[in-house]
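Please keep the sequence and the model in view while reading.

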Amino acid sequence: IVMVNKAFVKLFGYSAEEALWQRPASLYPSALSHRKVSRRRRRRGRVGSGVYETQYRRKDGALFWAESSEARVLDNRGQTLGFVSVHRDITARRRTQEALRHSEEQLRRALQEAPIPVIMHAEDGQVLQISRSWTELTGYRKKDMPTFQAWLNKAYGEGAEDVRNHVRDLFKGK
């Protein structure tokens, strides 16, 4: 590290004097340091710049996630002198994404194991998920009915359009 700005000092918790001349690998969690640095070196050999998300360690030991943008600095012969890196703390975003993944997994499991037949489909009618009890009752699996309309056609034949209109009215609050 040959230069840092105030934003680096604030993000990583090191003074400029403490950060200068340290190896960037010292900013990674120790368990990830060698693996991350090796991957970055391989990538640098093929690509001149990039954006990636990785975990870092602050001076106080706290871990945080950052989106890092990196670009090569070249001399007049095209040889690499070093890299310029810009880091943006995305810890809150990563926590939100993880909470959303957890919530979606809970919903998926609840729907799958629901004791009553349940079908979930997108607004365009694509079947997203069906419960185990739906399959047990109807004999149809998700692959047998890729869309809600396909299910209506199989289950109600000529009356499918009436049922579809009824379902549409239910969602409109009529």
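## Basis of the description

Helices (H or I, at least four residues) and strands (E, at least two) are DSSP runs, numbered from the N terminus. Two strands are said to pair if DSSP finds at least two bridges between them.

The model is predicted: local features need pLDDT of at least 70, side-chain atom pairs count only at pLDDT 80 or more, and totals for chains, interfaces and linings use all residues. Residues are numbered from 1 along each chain as its sequence is written, and side-chain values use heavy atoms, with hydrogens and water left out.

## Overall composition

The protein has seven helices and five strands. Along the sequence these elements follow the pattern α-α-α-β-β-β-α-β-β-α-α-α.

Of the 174 residues, 25% count as buried; buried means under 20% relative accessible area, exposed over 50%, and partly exposed in between (1.4 Å probe, protein chains only). Among contacts (heavy atoms within 4.5 Å) with a separation of 6 or more, residues 24 or more positions apart account for 25%.

Strands of a sheet pair through backbone hydrogen bonds, either parallel or antiparallel. Here an open sheet of three strands has the order E1-E2-E3, with antiparallel pairing. Strand E1 (49-57) and E3 stand at the edges with a single partner strand each, so one side of each is left without a neighbour in the sheet. Neighbouring strands are turned by 35° against each other on average, direction ignored; axes are lines fitted to C-alpha atoms, for helices over the stretch in contact, and angles run from 0 to 180 degrees between N-to-C directions.

Strand E2 (residues 63-74) and strand E3 (residues 80-89) are joined antiparallel over nine bridges. Within this pairing, Glu-67 has Arg-88 of E3 as its bridge partner, and Val-73 has Gly-82 of E3. E2 and E3 form a hairpin with five residues between them, and Gly-78 in the turn has a positive phi of about 85°.

## Helix H4 against the sheet

Which strands does helix H4 touch? Helix H4 (residues 91-112) packs on the sheet and touches E1, E2 and E3, its direction making about 125° with that of E2.

## The largest nonpolar core

In soluble globular proteins, nonpolar side chains tend to be buried together. A nonpolar core is a set of buried Ala, Val, Leu, Ile, Met, Phe, Trp, Tyr and Cys residues joined through side-chain atoms within 4.5 Å. The largest such core has 12 residues: Val-4, Phe-8, Leu-11, Phe-12, Tyr-14, Ala-19, Leu-27, Tyr-28, Tyr-52, Tyr-56, Phe-64 and Ala-66. The elements giving two or more residues to this core are helix H1 (6-12), E1 and E2. H1 gives the most, with three residues.

Leaving aside neighbours within four places in sequence, Ala-66 is in contact with Tyr-52, Glu-53, Thr-54, Tyr-56, His-87, Arg-88, Asp-89 and Ile-90. Tyr-28 is found in the loop between helix H2 (16-19) and helix H3 (30-46), and is buried at 0% relative accessibility. The C-alpha atoms of Tyr-28 and Thr-54 are separated by 8.6 Å, although these residues lie 26 residues apart along the chain. Phe-8, Phe-12, Tyr-28, Tyr-56 and Phe-64 form one aromatic cluster.

## Aromatic pairs

The structure holds seven aromatic pairs. Rings of Phe, Tyr and Trp (its six-membered ring) pair if their centres lie within 6.5 Å; planes under 30 degrees apart count as stacked, over 60 as edge-to-face and the rest as tilted. Trp-134 and Trp-151 form an edge-to-face pair, at 4.9 Å centre to centre and 65° between the planes. Trp-134 lies in helix H5 (residues 132-138) and Trp-151 in helix H6 (residues 148-156), so the pair ties together parts that are 17 residues apart in sequence. Trp-134 is buried, with a relative accessible area of 10%, and Trp-151 is buried at 11%.

## Helices H6 and H7

The buried residues of H6 are Phe-148, Ala-150, Trp-151 and Leu-152. Their cover includes strand E4 (119-121), strand E5 (127-130), H5 and H7. Just after H6, Gly-157 takes a positive phi of about 50°.

Helix H7 (residues 160-172) has 13 residues and reaches 18 Å from its first C-alpha to its last, close to the 18 Å expected at 1.5 Å a residue; this expected span is 1.5 Å times one less than the number of residues. H7 is followed by Gly-173, whose phi is positive, near 85°.
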